[in-house]
2 protein chains.
Amino acid sequence: MSEFLPFSGFATFKSVCNFLANSVSERMGRITIKDVAREAGVSPSAVSRVYTEGASSSPRMRAKVEAAAERLGYRPSLLARGLVRRRTNLVALVHGSMSDPFDCQFIDLFSRAMADRGARLLLVAAGSQTAGGADLLQALDYQADAVVVSAGTMSLDHSARCVQAGLPVVLAGRIVQAPGVDCVLADNADGGRQAAELLIRTGCGTLAYLGQGGATFSDRERAAGFEEAAGAAGLRILTEAVPDRSDAAAVAAAIRLFTRTPRPDGVFCSNDTLAIAAIEAGRALGLTVPDDVSVIGFNNGALASRRTFRLTTLDYPVGDVVDHIIDLLQSRLDTPERASAVRRIPTRLVVRASTREQLTY
Amino acid sequence: MSEFLPFSGFATFKSVCNFLANSVSERMGRITIKDVAREAGVSPSAVSRVYTEGASSSPRMRAKVEAAAERLGYRPSLLARGLVRRRTNLVALVHGSMSDPFDCQFIDLFSRAMADRGARLLLVAAGSQTAGGADLLQALDYQADAVVVSAGTMSLDHSARCVQAGLPVVLAGRIVQAPGVDCVLADNADGGRQAAELLIRTGCGTLAYLGQGGATFSDRERAAGFEEAAGAAGLRILTEAVPDRSDAAAVAAAIRLFTRTPRPDGVFCSNDTLAIAAIEAGRALGLTVPDDVSVIGFNNGALASRRTFRLTTLDYPVGDVVDHIIDLLQSRLDTPERASAVRRIPTRLVVRASTREQLTY
DNA sequence: TGTATATTTGCAATCGTTTGCATATCAGAT
DNA sequence: ATCTGATATGCAAACGATTGCAAATATACA
């Protein structure tokens with residue numbers, strides 16, 4: 001007889017339906033809050049509250065729900081949660097090329113720092129060709145909680161849209177004057193000044209700047225600070241621009257620099273990578289570093305301290321950059337109307353072997 | 001009289017309400033599909049269809065809607081869309097430390113390749129301490145369309161959960177036998193073999209491997225291939241392990257290696273960074289490369305080709321890795337039940353100046 | 001002009017959560 | 001037991017989209 005009543009264990013039609021719905025949702029698709037609620041015999045709201053910081057639920061409820069969730073392998077959908085809470089725990093990071101180790105280290109540290117705070121990075125590769133800064137809007141599309149731009153050359157036309165939508169916007173490595181947009185960057189001009197002063201102090205008479213031809217804000221600032229300090233000492237500077245981020249281009253530019261007359265004997269480079277290219281170019285031309293030419297880099301990355309290069313450079317602590325960005329994001333979330341802030345990270349000259357000994361007077 | 005009837009331009013009470021609701025939603029919060037619908041005088045579904053590939057809507061409708069959307073600055077919420085479509089255009093990338101340039105280059109290229117396909121990377125920093133591989137589940141939480149693991153040391157306990165949830169899982173740099181999990185990695189053993197054969201062919205008699213002590217799958221494979229080929233030539237190999245990713249540790253390990261007796265005269269390193277540390281350590285000990293000791297790296301990164309090092313290394317084309325990953329993701333989406341695949345990327349020996357000239361017989 | 005068919009459009013349900021409000025429960029004090 | 005106040009729970013309406021279905025409109029053909 002039982003074969004005619006396959007569901008005879010159930011008292012009501014409704015409970016049969018529930019069972020069917022139940023097993024269906026267990027078999028396919030995602031485990032939802034409703035599945036957990038059913039399994040625990042409580043309402044979905046109760047389940048939600050168990051997973052909500054500061055919501056009230058009894059210890060008994062908590063235990064029941066957590067057991068059920070565990071049994072089913074439930075994980076709350078952050079999409080759905082983000083939709084209603086308007087908070088996704090996503091931070092969009094608009095990045096440029098990661099060809100320089102500094103950029104990578106930044107992303108790595110930033111990613112971990114955010115992870116420690118329970119947030120994730122949404123990586124947005126900045127603008128192939130026609131984008132015109134529209135990549136920023138990706139942050140809006142995914143309802144990120146904030147957007148950080150480390151892509152040095154990207155247009156910021158749409159930053160106002162982000163600010164208007166309530167997104168904190170933080171720029172790494174450049175300054176844009178706009179309400180709601182905060183900036184953190186090195187004290188580039190001061191770094192340039194320190195470089196010039198060291199070179200002059202150690203007897204260099206023909207100074208040069210090897211940079212990216214003003215392609216980025218930081219590059220321009222470093223060049224300006226360097227030039228200004230040189231000018232203050234009555235020196236003019238030579239300049240050579242590296243057209244792209246390839247090593248070949250860097251070496252070629254350095255060679256151009258070293259074959260000019262008068263030949264520079266003190267070169268400040270906009271980053272360590274270029275500085276190393278300069279050192280190699282110099283050596284290839286038979287010049288000795290630092291006797292014939294002194295070279296100074298910027299960033300103090302892993303390469304600079306290698307014994308092969310022992311590069312004198314300006315230490316730009318990437319961890320501090322990350323800390324300041326997070327601090328600015330946090331404070332912007334706390335007080336959205338706060339005035340725009342610019343955080344300058346001081347740089348510190350690290351003297352190694354690519355510059356001459358300082359004379360002690 | 002008009003001051004008593006501020007809304008006299010409206011015919012019905014309802015239209016007044018609509019106006020209020022309209023202006024409210026224009027003033028604060030997000031512009032939704034309803035706002036656009038109202039602005040264009042059509043239904044929300046119609047708007048949706050304008051933004052849906054392959055849905056039917058008349059040219060007239062399209063024009064009206066696009067104009068309204070433009071006027072309001074509408075952007076569809078990818079959260080809401082993801083919720084119902086169950087497709088987020090997000091790919092979770094679980095990454096380990098980015099201390100090696102190779103990892104950065106990979107992330108950069110991968111990020112751009114995904115951007116070209118309209119997808120974004122959700123960057124998940126792998127496991128601080130206790131995580132036990134739970135980071136993988138972040139992919140589920142955000143309903144990513146796929147998950148790629150490049151973190152070499154992370155536990156994969158939860159990969160089955162991802163597969164079960166229908167997520168393509170691709171592992172970069174290691175093999176795990178599991179249904180639904182695809183792998184792409186270098187032909188490491190072959191690389192090791194090529195390295196050993198070159199060293200032997202150029203007259204090295206005492207071979208050594210400088211690696212990460214088996215910390216990663218690739219490291220083990222490279223060591224094994226190297227050892228096997230050495231064994232085939234009747235040679236045993238020395239091994240030295242670098243305990244962490246710091247430069248100091250690498251140099252220290254290399255120095256330990258070079259002070260053993262018999263001193264190795266041919267060293268294969270598990271990556272370029274270690275190889276350069278080995279070269280520097282050798283030089284610091286007064287050894288000449290390649291006369292006293294030959295050094296071979298792995299990856300053929302930017303550093304290897306620098307004139308300062310001119311490192312003989314195994315070229316591991318990161319672009320191919322990215323291509324294969326994307327291909328595997330795509331094909332897994334097309335045929336979810338496909339058997340697990342392992343893609344081996346061949347490596348190619350690039351002979352530079354850190355190994356001796358080959359004798360021509 | 002009328003009918004048959006193809007294409008557009010709108011309605012309403014759904015995706016998986018959260019949360020304001022109203023009700024139910026409970027402990028503690030009378 | 002009874003009442004009070006606090007705490008827990010459930011109901012139902014959001015959040016911002018998509019989509020199956022049915023109605024409305026356009027197109028084709030005779």
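In this predicted model, the surface near DNA strand D is made up of twelve nonpolar, eleven polar and five charged residues. In total, 28 residues surround DNA strand D. The closest are Ser56(A), Thr32(B), Ser45(B), Ser48(B) and Ala80(B). Chain A supplies at least two residues from each of helix 3 (44–50), helix 4 (59–72) and helix 5. In chain B, helix 3 (44–50) and helix 5 (78–85) each supply at least two residues. Helix 5 of chain B gives the largest share, five residues.

The two chains also touch each other. Their contact takes 39 residues from chain A and 39 residues from chain B. On the side of chain A that touches chain B, at least two residues come from each of helix 5 (78–85), helix 6 (101–116), strand 2 (120–125), helix 7 (136–141) and helix 12 (272–284). Helix 6 of chain A provides the largest share, seven residues. This side of chain A divides into 20 nonpolar, eight polar and eleven charged residues.

Strand pairing links the chains as well. Strand 2 of chain A and strand 2 (residues 120–125) of chain B run antiparallel and are joined by three bridges. Within this pairing, Leu121(A) has Leu123(B) as its bridge partner.

In chain B, a loop connects strand 6 (207–211) to helix 10 (217–232), and Ala215(B) is found there. Ala215(B) counts as partly exposed because it has 17 C-beta neighbours inside 10 Å. The C-alpha atom of Ala215(B) is separated by 7.0 Å from that of Thr153(B), although these residues are 62 residues apart along the chain.

Key: Residues are numbered from 1 along each chain as its sequence is written. Chains are lettered from A and ligands numbered from 1 in the order in which they are written. This is a predicted model: local features need pLDDT of at least 70, side-chain atom pairs count only at pLDDT 80 or more; totals for chains, interfaces and linings use all residues. Helices (H or I, at least four residues) and strands (E, at least two) are DSSP runs, numbered from the N terminus. A residue is buried if 20 or more other C-beta atoms lie within 10 Å of its own, exposed if 12 or fewer, and partly exposed in between; C-beta atoms are placed from the backbone. Two residues are in contact if their C-beta atoms, placed from the backbone, lie within 7 Å. Ala, Val, Leu, Ile, Met, Phe, Trp, Tyr, Cys and Pro count as nonpolar, Asp, Glu, Lys and Arg as charged, and the others, Gly among them, as polar. Two strands pair if DSSP finds at least two bridges between them. A residue is near a molecule or strand if its C-beta atom, placed from the backbone, lies within 6 Å of it.
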